[in-house]
Amino acid sequence: MSPHTPPYIGRFAPSPTGALHFGSLVAAVGSYLDARARCGRWLLRIEDVDVPRSVPGAADGIIATLARFGFEWDGDIVWQSRRTEAYQHALDRLVADGLAYPCACSRRELADAPLARDGSRRYPGTCRKGLPPGRHARAWRVLADGVIRFDDVIQGPQQVELASDSGDYVVRRADGLFAYQLAVVVDDAEAGVTHVVRGADLLDSTARQIHLQRLLGAPTPTYAHLPLATNAAGEKLSKQTLARAVDAQAPIPALLAALHFLGQQPPDALSRATLAELWQWASAHWSIDTVPHCRQAVAHGFF
């Protein structure tokens with residue numbers, strides 16, 4: 001590391017919509033090892049900004065499972081639900097700079113709009129020049145123009161034309177809650193995150209986050225999107241696809257499976273190792289270059 005290179009700061013940021021499943025464990029392992037292998041810091045953030053989707057007790061369960069598996073995070077846990085003031089400050093800045101505007105459109109009115117890469121509806125710009133007569137603001141959107149290019153460490157070069165992909169995107173929702181895109185950018189910038197290692201399900205959100213970083217004058221981290229763990233039908237492991245929780249009482253088999261999924265080839269002898277020995281081997285042998293360069297892969301045996 002050169003004297004001018006900032007220290008590595010990574011993070012794991014689960015959403016408390018259910019128990020920790022294998023897909024989330026893969027993201028935790030990949031981000032943790034990439035930080036520890038570089039003598040970096042690893043932060044833990046609970047992304048509960050979407051309060052209606054948060055399941056009571058899920059966050060505490062995730063934290064307890066991570067501790068049981070031997071993860072050690074640096075500093076205090078950050079909770080997005082407690083950071084609305086920071087998000088409002090960022091929105092106020094965007095509005096003051098003429099970069100965000102109120103929108104009166106409902107989901108029903110946008111139901112026939114084309115789909116963006118992440119499955120959301122591409123905004124047609126209805127309220128971009130001002131609210132239609134007699135309409136009131138429901139949400140706030142950011143003006144989205146230009147092409148975003150970035151090199152993902154695992155997924156390779158990416159290029160997104162914002163207007164044709166997502167259009168002007170929401171940063172504060174009609175229910176008053178702040179959107180994930182704004183919250184994650186504000187949180188990463190404040191924490192000084194230099195590297196984001198996460199699942200490839202979030203790859204299609206990255207261009208909007210880089211766009212917001214530029215608008216807010218925040219640095220852009222290095223991105224590495226790990227293959228998404230799916231079931232046999234190719235569906236992302238999640239609460240919606242009935243992914244089962246990892247067994248907190250048997251961390252070694254699950255961790256070894258995550259290492260195999262990430263292309264790390266742990267030796268068979270680690271199945272008889274202690275947690276400390278497993279983490280010592282994994283940190284010493286971690287190589288992000290051997291992670292499969294694909295968007296998704298089946299997680300056999302962890303449906």
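In the predicted model, strands S6 (residues 147-152) and S7 (residues 156-161) pair in the antiparallel sense over six bridges. The two strands are joined by a hairpin of three residues. Within this pairing, Asp-151 has Pro-157 of S7 as its bridge partner.

The two faces of S6 are set apart by their covering. Ile-148, Phe-150 and Asp-152 form the covered face, whereas Val-147, Arg-149 and Asp-151 form the uncovered one. In a regular strand, side chains alternate between the two faces of the sheet.

Helix H5 (residues 180-191) packs against helix H6 (residues 206-216) at an angle of about 55°, and the axes are 9 Å apart. The crossing of H5 past H6 is right-handed. On the H5 side, the contact is made by Tyr-180, Gln-181, Leu-182, Val-184 and Val-185; on the H6 side, by Arg-208, Gln-209, Leu-212, Gln-213 and Leu-216. Six of the residues in this contact are nonpolar, three are polar and one is charged.

Gly-125 is located in the loop between strand S4 (100-103) and strand S5 (139-142). Gly-125 has a relative accessible area of 24% and is therefore partly exposed, since buried residues are those under 20% and exposed residues those over 50%. Between Gly-125 and Ala-200, the separation is 75 residues in sequence and 28 Å in space, C-alpha to C-alpha.

Key. Residues are numbered from 1 along each chain as its sequence is written. This is a predicted model: local features need pLDDT of at least 70, side-chain atom pairs count only at pLDDT 80 or more; totals for chains, interfaces and linings use all residues. Side-chain values use heavy atoms; hydrogens and water are left out. Axes are lines fitted to C-alpha atoms, for helices over the stretch in contact, and angles run from 0 to 180 degrees between N-to-C directions. Helices (H or I, at least four residues) and strands (E, at least two) are DSSP runs, numbered from the N terminus. A crossing is left-handed if the near helix is turned anticlockwise from the far one by less than a right angle, and right-handed if clockwise. Contact means heavy atoms within 4.5 Å. Ala, Val, Leu, Ile, Met, Phe, Trp, Tyr, Cys and Pro count as nonpolar, Asp, Glu, Lys and Arg as charged, and the others, Gly among them, as polar. Buried means under 20% relative accessible area, exposed over 50%, partly exposed in between (1.4 Å probe, protein chains only). Two strands pair if DSSP finds at least two bridges between them.
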